[in-house]
Amino acid sequence: MIDRNKRGIRGAGTTARLAVAAAVLVGGGAAGVVALAANHGGTAIATTAESAGYTRSFHHTISEQLALTEALSGSSTSSWSMTALADMAPMRSFSQMEYHHSTLAVQRGIVLLATKKFLVVKSANGAIHLWWLSGATRVKDVVSSATGMAAMTGSYPATNTAMSTGNMTPASTVVAGSIGVVSQLTTPVAKPTTITINTGGTVITITVASSTAAVTQPVTTPQSVTTTRTWQSAWWTMDGVQRGDLVLVAGTRTHGKLKAELVLFAAPRASMPTPSVSPTSTISPSWTATPTTAPSPNATISGQPVSIGTSS
């Protein structure tokens with residue numbers, strides 16, 4: 001976690017109101033009530049949104065480095081952190097930067113797979129990254145938060161549409177690339193898809209077939225290497241996050257591994273697939289570890305190389 005004493009970023013100057021339609025004004029107060037998608041199943045529900053008096057500063061944007069420093073400094077799901085990310089210079093894929101002795105990283109995209117240990121996220125430009133989770137990872141559903149939705153999408157027009165009408169299409173287009181990508185990831189796949197990702201020298205292979213996913217990864221000890229294979233539902237949820245969700249993930253890179261400190265997410269549809277398979281695992285026989293050539297920093301997706309761990 002970054003230094004918690006950093007404070008700042010007070011937008012000044014011209015402000016513009018982010019309208020929340022269907023707002024109900026009671027006794028001069030502003031309680032925004034709007035029909036939004038019920039996250040991960042069910043029909044649309046009436047959700048109390050942020051105050052209709054919510055305003056955003058359009059005086060300037062702040063750098064990715066400053067926004068991430070602020071967002072990861074204290075309570076990563078606080079309104080202050082959300083405001084910092086909402087004001088961050090527009091970025092639609094993956095970016096990383098040096099800050100003191102740390103490497104900060106951030107990605108917008110759509111979830112390919114959620115497991116107990118990591119999230120696999122695909123950005124609008126096709127870049128795929130694996131983010132490791134821990135007990136310190138903060139997760140927030142932003143479907144009913146205007147500030148949180150702006151932080152996740154990086155787009156005020158998309159946020160306005162989502163908050164005022166419940167229409168997530170603009171948000172899906174900005175974050176995932178197109179509504180077609182959402183459709184592909186929220187329905188059972190027609191044929192198996194295999195993704196191979198190199199994360200910090202560890203190669204993980206994921207195969208999604210129909211409605212299940214198999215995750216294969218090595219477990220190395222000084223004496224041997226074993227391969228663990230885990231089966232689970234393709235739509236298994238991690239703190240509410242599942243395949244097909246729109247996300248922003250922020251954190252750090254340490255020894256080549258991306259470590260998630262903050263995950264903002266929202267379901268793009270009112271009805272999402274329900275997990276049906278509990279994770280199970282098997283361990284293949286071990287073999288003696290032998291020196292090998294260092295793995296390439298690229299991932300391979302169906303034979304096509306995809307940049308992993310580079311700014312975009």
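## Two hairpins around β12

Let's start at a turn: Gly-200 takes a positive phi near 60 degrees in the hairpin of β11 and β12, which has two residues between the strands. Strands here are DSSP runs of E, at least two residues long, numbered from the N terminus. This is a predicted model, where local features need pLDDT of at least 70, side-chain atom pairs count only at pLDDT 80 or more, and totals for chains, interfaces and linings use all residues. Residues are numbered from 1 along each chain as its sequence is written, and side-chain values use heavy atoms, leaving out hydrogens and water.

Strand β11 (residues 193-199) runs antiparallel to β12, with seven bridges joining them; two strands count as paired if DSSP finds at least two bridges between them. Across this pairing, Thr-194 stands opposite Thr-207 in β12. On to the next hairpin: β12 and β13 have two residues between them, and Ser-210 in the turn shows a positive phi of about 55 degrees.

Buried means under 20% relative accessible area, with exposed over 50% and partly exposed in between (1.4 Å probe, protein chains only).

## Into the core

Ile-206 is among the residues with the most contacts inside the largest nonpolar core, which has 56 residues; Phe-118 and Val-120 are also on that list. A nonpolar core is a set of buried Ala, Val, Leu, Ile, Met, Phe, Trp, Tyr and Cys residues joined through side-chain atoms within 4.5 Å. Leaving aside neighbours within four places in sequence, Ile-206 is in contact (heavy atoms within 4.5 Å) with residues including Leu-113, Phe-118, Val-120 and Val-215. Another core, of 16 residues, lies apart from the largest one and has Trp-131 and Val-249 among its members.

## Rings and a charge

A search of the whole structure turns up two aromatic pairs. Rings of Phe, Tyr and Trp (its six-membered ring) pair if their centres lie within 6.5 Å; planes under 30 degrees apart count as stacked, over 60 as edge-to-face and the rest as tilted. Phe-118 and Trp-132 have ring centres 5.5 Å apart and planes at 75 degrees, so this pair is edge-to-face. Phe-118 is buried, with a relative accessible area of 2%, and Trp-132 is buried at 15%.

How values were computed: Helices (H or I, at least four residues) and strands (E, at least two) are DSSP runs, numbered from the N terminus.
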